[in-house]
Amino acid sequence: MTDKFISYSQDDTRALAGKVADKIKKGDVVALFGELGAGKTCFVQGFAKAFGITEIVNSPSFAIVNVYDGRMPVYHMDFYRIDSPDEIRAIGCEDYFYGDGVCFIEWAEKAKDIIPPDRKEIYIKIINKTEREIKIKGFNF
Ligand SMILES: Nc1ncnc2c1ncn2[C@@H]1O[C@H](COP(=O)(O)OP(=O)(O)OP(=O)(O)O)[C@@H](O)[C@H]1O
Ligand SMILES: [Mg+2]
C-alpha cells in the first residue's frame with residue numbers, strides 16, 4: 001500500500017518520518033529513493049529523533065554506514081559512492097539487512113538486487129525549492 005504526502009518544509013519531512021518511527025519493527029529495511037538534495041537524510045534525521053537517538057545524524061556518504069543506538073540499533077547507509085553490489089557485501093551490509101535493528105538506505109537503487117525484497121520504500125520527489133512529494137510504501141498509515 002502506498003501513501004502520498006506533500007511536505008512544505010524540512011520540519012514537515014521530519015514530522016512524517018516521526019510517524020514512521022511509530023510503525024517501525026525490528027528487522028525492517030527502509031529503502032529511500034530520490035535525487036540529490038531530495039531530503040532522504042532529512043527524513044532519517046526525523047526518524048532518528050523520534051526513535052530516541054540524540055546524536056547528530058548526517059549523510060554517511062564516506063563511511064557508507066553509520067550505526068546509532070536508539071530504541072534498537074539503527075543502521076543508516078548511503079550507497080551513493082558504491083559502484084557494485086560486491087562492495088556492499090564486502091562492507092558487511094548484509095549482516096545489517098538481516099540483523100536485529102532497523103536499516104535506512106539512501107541511494108538504495110545501487111543495491112536493488114541485494115537488499116531484502118520485503119523492504120519498505122520511501123520515494124521523495126522535488127517539486128520546488130521547499131516542496132516535496134513523499135510516497136511511503138509498506139507502512140500502514
Ligand atoms: N520539504 C523539504 N523536506 C526536506 N528537505 C527540504 C525540504 N525543502 C527544502 N529542503 C532542503 O533540501 C535539502 C535536503 O537535503 P538532504 O541532505 O536531506 O537530501 P538527500 O536526499 O539526503 O541528498 P543526498 O542524495 O545528497 O544524500 C536540504 O538542504 C533541505 O533544507
Ligand atoms: Mg543524504
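Biologist: A crossing of two helices is called left-handed if the near helix is turned anticlockwise from the far one by less than a right angle, and right-handed if it is turned clockwise. With that in mind, is the crossing of H1 and H2 left-handed or right-handed?
Modeller: Keeping in mind that this is a predicted model, H1 passes H2 in a right-handed crossing.

Biologist: At what angle do H1 and H2 pack, and how far apart are their axes?
Modeller: Helix H1, which covers residues 10-23, packs with helix H2, residues 40-50, at an angle of about 50 degrees, and their axes are 7 Å apart. The two helices are therefore oblique to each other.

Biologist: Which residues make the contact?
Modeller: From H1 the contact takes in Gln10, Thr13, Arg14, Ala15, Leu16, Ala17, Gly18, Val20 and Ala21, while from H2 it takes in Cys42, Phe43, Gln45, Gly46, Phe47, Lys49 and Ala50.

Biologist: And how many of those in the contact of H1 with H2 are nonpolar, polar or charged?
Modeller: The contact of H1 with H2 has 9 nonpolar residues, together with 5 polar and 2 charged ones.

Biologist: Let me stay with H2 for a moment: how many of its residues are buried?
Modeller: In H2, 9 of the 11 residues are buried, so this helix is largely enclosed by the rest of the structure. The buried ones are Lys40, Thr41, Cys42, Phe43, Val44, Gln45, Gly46, Phe47 and Ala48.

Biologist: What do the buried residues of H2 pack against?
Modeller: They pack against H1 and against several strands, namely E2 (29-33), E3 (65-69), E4 (73-78), E5 (102-106) and E6 (120-126). Just after H2 comes Gly52, which takes a positive phi of about 85 degrees.

Biologist: New topic, the ligand: how many residues surround ligand 1, and which are the closest?
Modeller: There are 19 residues surrounding ligand 1, and the closest of them are Thr13, Gly39, Lys40, Thr41 and Cys42. By class, the shell around ligand 1 divides into 5 nonpolar, 10 polar and 4 charged residues.

Biologist: Which residue other than glycine has a positive phi near 55 degrees?
Modeller: That is Trp107, which sits in the loop between E5 and E6. Trp107 has 20 other C-beta atoms within 10 Å, and because 20 or more is the cut-off, it counts as buried.

Biologist: And where is Ile64?
Modeller: Ile64 lies in the loop between H2 and E3, and although it is not a glycine, it has a positive phi of about 70 degrees. Ile64 has 18 other C-beta atoms within 10 Å, so it is partly exposed.

Biologist: What about Lys112, buried or exposed?
Modeller: Lys112 is exposed, because it has 11 other C-beta atoms within 10 Å, and its place is in the loop between E5 and E6. From Lys112 to Lys129 there are 17 residues in sequence and 29 Å in space, taken from C-alpha to C-alpha.

Biologist: Last one, which residues does Val102 touch?
Modeller: Leaving out residues up to four places away in sequence, Val102 touches Ile24, Asp28, Met72 and Val74. Val102 is found in strand E5, and it counts as buried because it has 26 C-beta neighbours inside 10 Å. Val102 and Pro117 are 15 residues apart in sequence and 15 Å apart in space, again from C-alpha to C-alpha.

Definitions and conventions. Residues are numbered from 1 along each chain as its sequence is written. Chains are lettered from A and ligands numbered from 1 in the order in which they are written. This is a predicted model: local features need pLDDT of at least 70, side-chain atom pairs count only at pLDDT 80 or more; totals for chains, interfaces and linings use all residues. Axes are lines fitted to C-alpha atoms, for helices over the stretch in contact, and angles run from 0 to 180 degrees between N-to-C directions. Helices (H or I, at least four residues) and strands (E, at least two) are DSSP runs, numbered from the N terminus. Angles under 35 degrees count as roughly parallel, over 145 as roughly antiparallel, 65 to 115 as roughly perpendicular and the rest as oblique. Two residues are in contact if their C-beta atoms, placed from the backbone, lie within 7 Å. Ala, Val, Leu, Ile, Met, Phe, Trp, Tyr, Cys and Pro count as nonpolar, Asp, Glu, Lys and Arg as charged, and the others, Gly among them, as polar. A residue is near a molecule or strand if its C-beta atom, placed from the backbone, lies within 6 Å of it. A residue is buried if 20 or more other C-beta atoms lie within 10 Å of its own, exposed if 12 or fewer, and partly exposed in between; C-beta atoms are placed from the backbone.
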